[in-house]
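User: I'd like to learn how to read a model like this one. Could you walk me through it?
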Amino acid sequence: MSLFRFTPLLVALPLTTVLFTGCGKKTVEPDAPTTSSFAIELEPVVGATDLELNTQTYTKADGQAFTVSKFKFLFTNLKLTKADGTVYAVPDSYYLFDAATPASTHLVIEKVPVGDYTGLSFVVGVDDAHNNATFTSGGLNHSNDLYWDWSSEYVCLKMAGTSPQAGTGRALTFDIGGAGVARTVAPAFGPNVLPVKDGHVPEIHMSIDLLSLFESTTPTKNINFATTYSVESGSAWAPVIADNYAARMFTVEHVHAN
Amino acid sequence: MPLRTKATFAAGVGLLLSLAGCKHDADTVDPDGPVVAPTAYNLVVPTNFPPPQAVPADNPTTVEGIALGRQLFYEKGLSINSTVACASCHRQELAFTDGLARAQGVNGAQSPRSAMSLANLAWEPKLTWDGAASSLETQARIPIQNPVEMHQLLADGVARLQATTTYPALFRKAFGSSTITEDNTLKALAQFERTLVSSNSRYDRFRRGDRTALSTYEQQGLVLFTTHPNGTLRGGNCGDCHSGDLQTNHTFSNNGLDRTFADLGLGSQTSRPTDNGKFRVPSLRNIALTAPYMHDGRFATLDDVVSHYNEHVILNSPNIDPLLLNTTNDPRQQSFTLDLTTTEKAQIVAFLRTLTDSTFIKDPRFAKP
C-alpha cells in the first residue's frame, strides 16, 4: 500500500517543481482534508478452512461433502455507524465479490468523513429501488454474471459446485435472487473501532463463511443436498438460503488501524 | 507534506501537458501543414443493450480511426504472403465468420479453432475462445502474428504499410502522425471492431416492445430457451449462460463435449488444471449464419447443437459446468439428461433463428472499402 500511495507523489513533485519554473504557474495548497479512506478485506472460508475453488472438498455438519467452483455475490449499500449513533451511508456503494477474482476481495472506500466508526452494515444483493434494467454502477454491471436479463433483476449471490450426495447429476447450482431476497447485514463490530483519518487506510478484515448458506440454527432451514441441489429464480429455498447467509456468513475478525 | 497524492499527481500531469504545449509552439513544423484533430465518434448503444465496456482512455473512438481500421481489416498486406486479411476469416455476409469448421490461414494452414463471429465486441470483457486478450487492441495482434493465421510480425506489416502511398496519410488523420506504429495499427483495428454492433434481429425488435416480431412458435422457443427446468416448468436451460440481449454471461465454461481435451481452452491461458476444457460462452447473435458450431466447429447444424445439450453431454468431463449436470425436464428430477421433446427442440432452434440480424450483414459501413 505505501508504495502505491507515495510513488506518484515522488514522481509528481519534481515535475511540478520543474514545470513551475518553466511555465511560471502557481498552485494553491488545499486545506487539511476532512475525508479519508478505509479498506475491507473479504476472506472467503468454509467453516474453519480457507476457500479453495475447485480443488478442495469440504464437509457439512451432516456429513455431506462438496466442492465449490463458483462463489460470488453483490455487496452494496454500505453504511458506517459512530458510537453516538450517527450514520454515514457510502454513496453509490455497489461492489462485486467473486472468489475467482482476487482483486475483488479487497475493497477501498474513499472520501469517507474522518472519525471513529464502531459499526458497519450492508446489503447482500441490490436494494429494490435499484434492482432493475437501467441501473448500473460499480459492481452492478449487467455483464457480471449476476444479472437475469429476462426478468431485469440482479442475482444476489451465486454458488456452484459438486457433491456426491447431491441428487441428479451430483452438481450444486444455487442462484439466489428474485423478489424479497436481498438481505441487510450488520455483523457485530465488538470492541473494534475503525479510525478513519488523514494519511491512514484502516482495514476491516471480515471472513465470509460459505458453509452458512447451508447450515442454520433452525433445523428446518438446513440444506440437504440430496433434495435441494438446484435453486433458481422463484424457488422457495432462495429466501431460506438468504436468511441463512444473512445470519451467519459475515464475521468482523479484526480491524487494522494502519 | 499535506498535499494529497491524487491532487498532486493530477497537477503534475496537467503541468506536463502545459510543458508539451510550450515546446510544441517553439519548434514543431510539419511539412504537411498543421495536424487536424480527428472527429470524435459516439457509439450508439441499442436501448435493449447493457452499457458497453469502457473504451481505453488512450484510444478514443474517432471517425478517422474507424475508417483506417476498416481499411486495415480488409488489408491482406498484414499477412506474410499478402493472401489473408482479417476479413478472409471474418466475412460480413456470414456475420464475420468463414463457414469453416476450423479457420484457414496463410499457405493452407489450419487453425485448431473455429473463427469467431465479430459482433457486439464492445461489450466483451474477454476475447478469443480461451480469453487470451482483455481488450480489442491486445487481441488484434494475435491473429496477425499467429503462424496458422496471418503469420507475420506486426512490425513487418507496419513497414509495409509505411511504404504505401495511402496509409501514412490515413494514420496522420487518425492519430496525428504519418509515422505508422504497431500501437496505432492495433488501435485503429480495435476502433473499427467496436462499431460492429448488431441489434436489429427480430428478437431485438421483440425486446424493444414489438410483440408481433416473433411468432407464437418462436416465443415458445424463447420461453424454453430462458427457463431453468425444475420438474414443473419445462426449459432448455440455455439462458443461464447465453443470457440477456447479448446471449452471453461473458464467462468460460466446459459444456461437456469431451472426456479428454485436445485443446485446453482457458486452461492454456491460466495453467490451472481446473480451467481445462473451458471455452468462452459465445454470444448466439446471428447464430443461424455462423455454422459450423463449437470452438472446433464439430457440429454442422443448430439441431446438432441442441441435441448435444439434450442428449449427448459427457457427464464425466473434467470441470464440466454444474448447470449441465443437474438440469432435467424429468418430472421426478432424476434423469441425467435434459429430456426435451422433439417439438421443444425444434421450437428452441426456431427461436435461435430469430437472432439473425439481416441489416448487420449488409451494412455498408462494415463492408470492404
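Analyst: Let's start with pLDDT, the predictor's confidence in each residue, from 0 to 100. A contact means two residues whose C-beta atoms, placed from the backbone, lie within 7 Å. This is a predicted model, where local features need pLDDT of at least 70, side-chain atom pairs count only at pLDDT 80 or more, and totals for chains, interfaces and linings use all residues. Residues are numbered from 1 along each chain as its sequence is written, while chains are lettered from A and ligands numbered from 1 in the order in which they are written.

User: Where does pLDDT stay under 50 in chain B?
Analyst: Over residues 1-27, for which the model has 36 contacts beyond four places in sequence. Chain B averages 91, with 92% of residues scoring at least 70. For the complex, the predictor gives an ipTM of 0.75 and a pTM of 0.83.

User: How many helices and strands does chain B have?
Analyst: Both are DSSP runs numbered from the N terminus: helices are H or I, at least four residues, and strands are E, at least two. Chain B has 12 helices and two strands, in the order α-α-α-α-α-α-α-α-α-β-α-β-α-α.

User: Is B:V36 buried or exposed?
Analyst: Count other C-beta atoms within 10 Å of a residue's own, placed from the backbone: 20 or more is buried, 12 or fewer exposed, in between partly exposed. B:V36 has 10, so B:V36 is exposed. Across chain B, 46% of the 369 residues count as buried.
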